[in-house]
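Please examine the sequence and the three-dimensional structure shown here before reading further. The explanation after it is meant to be read with both in view.

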Amino acid sequence: MESPPRIVLTIVLTCITTPLQGLAQLSLNPDISVIPRFILETNDGEKLDDGVRQFSRPQLKFQELEMALQGYLNPYARADIFLTVPGPDVEEARVGIEELYASVLRGLPLDLNIRVGKYRVEYGKFNRLHPHQWPFATQPLAQTAFLGEEGLNDLGISASILLPTGDLYTALTADILSGAAAGEAAGIEDTTGRAPYYSATARLMSFLPIGDDGDLELGLSGYTGIHDPYNRDRFVYINLDFKYKYRPSSYTSLTVQGEFLHNMRKAHQNHDLEQYQDPEGTPLEVSIRSSGLFLFADFQWARIYTMGARYDWSQTPYSSDDRAQAIAVFLGYYPVEETLGIRLHYQHTRWQMAENTRSVNMIGLQLLFSLGVHKAHPF
Amino acid sequence: MIRISLLFISLLLPILSPAAVRVVTTLPDLADIAQAIGGERIEVDHIVRGDQNPHFIEVKPSYMMKLKRADIFIMVGMELELWAPQIIDGSRNDRLEVLDLSTIGVEKLEVPTRVDRSQGDVHRFGNPHYWLDPRNIRPIANAILRSLVRAAPDEEPFFRKNMAAYLATLDTKIVEWEELMRPLAGANIITFHRSWSYFARWLGIIVSDQVEPKPGIPPSPTHTAELIDLVKEGKIRAIVVAPFYDLTAPEKISAETQAQVIVLPTSVGGVSGTDTYISMMDHNVKTLYEALQP
């Protein structure tokens, strides 16, 4: 993570230190919220190489601090800034920019919305969520394998239109991205110093109310870019996503959500991919197909309690033989609205890479709190 | 040929004839009032159901679609509907007129002098449940009328006539409700949330405390125990709860005291038989009256 420009820090400090001199003054400042996450974690995989399976001493780790600054720039546009201080090193952590973008919301022809900056791309449904918004403590394996630890988050320009589908909300969003995220995640790092190749995404989504208490969102996304800048090899991802939520009362809800990703790419032998060299040492061009999916359910049965389960299955961008599966169960406790959240997370993950199989059990107790403005939850 | 001409005219009619004013409100109460004024010459829809907590509405694309087609969006304001700006932005409707009824001069109660989260989920601009004092419906109706007239100036006489009839009915009911409740002025109640401040002030009822220790904060065992003592000492007869709140703590208080838990809707349709604002208020006043009887 790079440090943000000094001007951003100046804005942040000004916003924080400005006294609240009446409501008019308050309303001119951007909305500010700060959300840190910590986790007390143990797993039984650290000594597997020594043939020992035992849970490690639980460690309290700082995961991340996120600071959001959000507000209207003018009647037509708003800006959203999300600064992040990633863990686990509290002392040496550096401030980074998770998202920094402006959105033009009105005034454009065809009711077009435009977003410019660095942002979590609308690729699938899950990718837009920040980690504190997940009902569980870990990222689904397929997201990590195919999009990277930070998800698909890149510099770019996004345009979104609503399609004329009557009462049905149907939106088409397309993005041109700098391409840096492709190299950082499921691609080969470009050390030539050349500008990365652009990548592009698109998502078509529809929202369907089902009865008085249920809603379903369906999405189809595509993502293409250059994953090997040396051979100009392209990848194409196709992603299907859905989210169903049933909310019969204010404090009872069931959410079922999932995504399936299919990866298609050409790859050449190079310094990172020796497996694509034939016995004579001739570079081979191979065509790779691999996939990943996750599915979870989250049930809120009282105002302050949630529980759920998640299933992950994922191959990797460069191999359909390497694969991982995980089952997670999680419990959420929110004693004082959204200002404090405690999540207990158990996950069993099993990796199969070539002939080797490895499994790890992880137990985490995540703590997060939220200081500042509470925004309404989007579906 | 005649058939073809008739078909052509019938297809053109919806385009040539002026479209009804399309109104979307946050609460069904406001929709009911708007419908009473606009009659069949407006189309009215609302976002929140009467049995939903208006503070916590999920931002759904389907709500954005409602606003996309609307001419006027009417809201309570005072940050009751914190979700409304996201729906307005998501509607992509440049011509939408947003009517925030908290800006029309209704007297505001419980405007905080200090705003931070130690006070709970406090509303910066004061208690927003002002529609539960029926005397506030007159300025609300007038504001809605002005918006409708701006959208459809030719319909002003029709709208005015409807509004006059509606307010006359309401005024009659207000007198009836006030007469019914006059002997009970000064009675004490407990409410779950600070939803009933305007309602109680209008009827001269005293809200002694809330089941929530602070606005928006779930009931705690300590506070519930304090309330049990308060109810016993103050001879409080009613614990007023909106339909969307958890009844566990109120029923615990009720079980250990003489107080009765009564579920009163804060919005139209919150319980059966409350299909209009007037019928909802009628239900609320009469239910409270019964509960406060010695």
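This is a predicted model: local features need pLDDT of at least 70, side-chain atom pairs count only at pLDDT 80 or more; totals for chains, interfaces and linings use all residues.

Residues are numbered from 1 along each chain as its sequence is written, chains are lettered from A and ligands numbered from 1 in the order in which they are written, and side-chain values use heavy atoms, with hydrogens and water left out.

The backbone comes first. Most residues other than glycine have a negative phi, and most peptide bonds are trans. The bond from A:Gly87 to A:Pro88, however, is cis, with omega near 5 degrees. A:Pro88 belongs to the loop between strand 3 (77–86) and strand 4 (96–104) of chain A; helices (H or I, at least four residues) and strands (E, at least two) are DSSP runs, numbered from the N terminus. In chain B, B:Met78 has a positive phi, near 55 degrees, and lies in the loop between strand 3 (72–75) and helix 4 (84–91). B:Met78 is buried because its relative accessibility is 4%; buried means under 20% relative accessible area, exposed over 50%, and partly exposed in between (1.4 Å probe, protein chains only).

Aromatic rings provide the next topic. Rings of Phe, Tyr and Trp (its six-membered ring) pair if their centres lie within 6.5 Å; planes under 30 degrees apart count as stacked, over 60 as edge-to-face and the rest as tilted. By this rule there are 25 aromatic pairs over all chains. One of them is edge-to-face and joins A:Tyr223 and A:Phe235, with 4.9 Å centre to centre and 85 degrees between the planes. A:Tyr223 lies in strand 9 (residues 214–228) of chain A and A:Phe235 in strand 10 (residues 233–249) of chain A, so the pair ties together parts that are 12 residues apart in sequence. Both A:Tyr223 and A:Phe235 are buried.

Which residues of helix 9 (residues 248–256) of chain B are buried? They are B:Ala249, B:Pro250, B:Ile253 and B:Ser254. Seen down the axis, the buried residues of helix 9 of chain B fall within an arc of 140 degrees, so they line one face of the helix; the arc is that of the directions from the helix axis to the C-beta atoms. On the other side of this helix, B:Thr248 and B:Ala255 are exposed. The cover over the buried residues includes helix 8 (221–234), strand 7 (238–241) and strand 8 (260–263) of chain B, where contact means heavy atoms within 4.5 Å.

Charged pairs complete the account. A salt bridge is a side-chain nitrogen of Lys or Arg within 4 Å of a carboxyl oxygen of Asp or Glu, and the whole structure holds 38 salt bridges over all chains. Among them is the bridge between B:Arg69 and A:Asp167 (3.1 Å, N to O). B:Arg69 lies in the loop between helix 3 (61–68) and strand 3 of chain B, and A:Asp167 in the loop between strand 6 (153–162) and strand 7 (169–177) of chain A, so the pair joins two chains. B:Arg69 is partly exposed, at 33% relative accessibility, whereas A:Asp167 is exposed, with a relative accessible area of 62%.
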